[in-house]
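Work through the exercises below with the sequence and the model in view. Each task is followed by a solution in steps.

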Amino acid sequence: MSRIRILPEAVANKIAAGEVVERPASVVKELLENSLDAGANSIRVETEVGGKRMIRVIDDGHGMAHDDALLAFERHATSKLRSADDLLSISTLGFRGEALPTIAAVSRLLLETRDANEAEGTRVEFAGGKLINVKSAGLAPGTTISVADLFYCVPARRKFLKSDTTELGHIASLVTHYALANPGKQFVLTTPTQEIINCPPVEKLADRVYQLFGKQTLDELVEIPSVSADFRAAITEPEMEPGEESATLMVTGFTSRPEIQRPNRNGIYVFVNRRLVRDRLILHAIHEAYRNILPGNVFPATLLFLEMPYDEVDVNVHPAKIEVRFRRSQFVHDFARDAIRQALMSTRPIASFAAAATGNIAPNPVAPPASFAQGFTGGGENSGVPRTVIPHLEELGVGSGVGSDYAPGNGARPSPTGRRIFRVLRRMPRQLCRARSRLRT
Ligand code: ADP
Ligand code: MG
């Protein structure tokens with residue numbers, strides 16, 4: 001008698017959920033990525049009980065036609081890939097067609113969507129992977145996906161979730177990342193009592209950094225001006241093929257002034273083609289850029305954006321798409337390192353290594369911290385750029401019934417420090433933490 005059997009679809013989806021949906025923030029990640037892929041300009045994330053009771057993502061993207069709204073819940077159903085060749089050059093954040101069936105398998109999911117070209121929208125309801133209801137509905141164009149009672153049918157998984165505050169911290173971190181990568185789009189994150197993030201579209205990355213992290217963080221950073229160069233093969237790499245010479249790598253971002261020290265890498269964010277990644281090679285490049293500037297046991301804060309042709313990077317190497325592989329890794333490494341180093345060199349005289357080694361983070365007394373105004377045309381507090389305040393997680397009072405009366409945008413709160421947001425972001429999704437601990441070893 002044969003021992004091997006093909007698992008039913010429902011079981012396969014629950015297995016996939018083990019890889020893709022680890023916690024509420026993973027659901028937010030998948031839904032946000034879908035909204036961005038759908039061309040949304042405004043994305044609102046509503047959460048209840050740290051996302052355990054409810055996650056609702058509302059976007060104004062292109063929506064789905066009736067048939068697609070149902071097809072989307074089939075495994076490996078995607079509008080983003082057609083052939084295996086497309087895998088070599090992925091321009092969207094999603095591509096595997098796994099997220100929706102996987103999330104639907106472990107929650108009560110309601111999809112409400114309307115393609116702007118259709119007269120009517122569609123409402124589709126799933127519970128524990130079973131289709132409960134489909135009907136036409138009058139809806140605004142765009143998509144709203146509500147994920148209630150995550151893991152209600154997988155009690156073992158539910159037990160592993162952390163406190164509501166911790167889970168909300170992970171969600172805030174995710175939304176912050178995507179807000180950084182898309183300054184031209186609006187991101188809102190709410191709980192029933194608070195608006196945690198609300199950043200309207202802005203023109204420049206500096207404005208978005210200011211909205212999310214505040215002036216003090218902006219003052220601690222220097223801009224890495226956008227630099228680009230054609231890809232070149234390193235000595236150790238295969239020669240460029242004809243036509244490849246035109247491929248360009250572009251690097252830009254912000255990095256902390258030499259006197260700023262962080263005890264860990266939690267202030268480092270790397271985006272490749274606007275996808276948040278955790279890449280060992282780039283972390284090494286950042287470390288190298290600070291050689292003789294920072295002692296080896298402390299870290300800078302860096303927001304680094306790399307843009308390159310899609311076929312120069314393989315994003316299909318990790319279940320949550322958090323790790324990537326570069327084709328010309330040596331070139332990418334050296335170019336990123338040099339861009340950061342150049343930005344640091346153009347700043348004021350650096351604190352001596354000895355002073356840095358004492359762990360004293362006071363600004364260099366010889367040269368008071370330069371204002372960030374050069375790189376920040378908005379002009380600090382009076383820039384008119386609406387601010388977002390991300391409160392201390394302790395201040396959120398989630399689960400304790402202690403709500404804050406803070407209303408975003410009213411300016412009533414004291415200006416947040418950069419440390420505050422980095423403290424929130426320290427609570428990274430577990431996969432990031434794992435990647436991080438691997439990097440340390
Ligand atoms: P993938 O993103 O890898 O394609 P998903 O399971 O996340 O797989 O989504 C399946 C399909 O559903 C997507 O390819 C897309 O066509 C559609 N879809 C999902 N979310 C949205 C959305 N917010 N707006 C429009 N279409 C969506
Ligand atoms: Mg997706």
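Two strands pair if DSSP finds at least two bridges between them. Helices (H or I, at least four residues) and strands (E, at least two) are DSSP runs, numbered from the N terminus.

This is a predicted model, in which local features need pLDDT of at least 70, side-chain atom pairs count only at pLDDT 80 or more, and totals for chains, interfaces and linings use all residues. Residues are numbered from 1 along each chain as its sequence is written, while chains are lettered from A and ligands numbered from 1 in the order in which they are written.

**Exercise 1. Strand pairing in the open sheet**

Find the order of the strands in the open sheet of 5 strands, and the bridge partner of Gly 253.

Step 1. The order is S9-S10-S13-S11-S12, and the pairing is mixed.
Step 2. Strand S9 (221-230) and strand S12 (275-277) are the edge strands, each pairing on one side only.
Step 3. On average, neighbouring strands of this sheet are turned by 20° against each other, direction ignored; axes are lines fitted to C-alpha atoms, for helices over the stretch in contact, and angles run from 0 to 180 degrees between N-to-C directions.
Step 4. Strand S10 (residues 248-256) pairs with strand S13 (residues 302-307) in the antiparallel sense over 6 bridges.
Step 5. Gly 253 has Leu 304 in S13 as its bridge partner.

**Exercise 2. The helix on the sheet**

Which strands does helix H6 touch, and how many of the residues of H6 are buried?

Step 1. Helix H6 (residues 164-181) packs on the sheet and touches strand S11 (268-272), S12 and S13; two residues are in contact if their C-beta atoms, placed from the backbone, lie within 7 Å.
Step 2. The direction of H6 makes about 55° with that of S11.
Step 3. A residue is buried if 20 or more other C-beta atoms, placed from the backbone, lie within 10 Å of its own, exposed if 12 or fewer, and partly exposed in between. In H6, 16 of the 18 residues are buried.
Step 4. The expected span is 1.5 Å times one less than the number of residues. For the 18 residues of H6 this gives 26 Å, which agrees with end C-alpha atoms 26 Å apart.

**Exercise 3. An enclosed helix**

**Exercise 4. Two hairpins**

How many residues lie between S3 and S4 in their hairpin, and how many between S4 and S5 in theirs?

Step 1. Strand S3 (residues 108-114) and strand S4 (residues 121-127) run antiparallel, joined by 6 bridges.
Step 2. Their hairpin has 6 residues between the strands, and Leu 109 has Phe 126 in S4 as its bridge partner.
Step 3. S4 also pairs with strand S5 (residues 130-137), antiparallel over 7 bridges, and Glu 125 stands opposite Asn 133 in S5.
Step 4. The hairpin of S4 and S5 has 2 residues between the strands, and Gly 128 there takes a positive phi near 55°.
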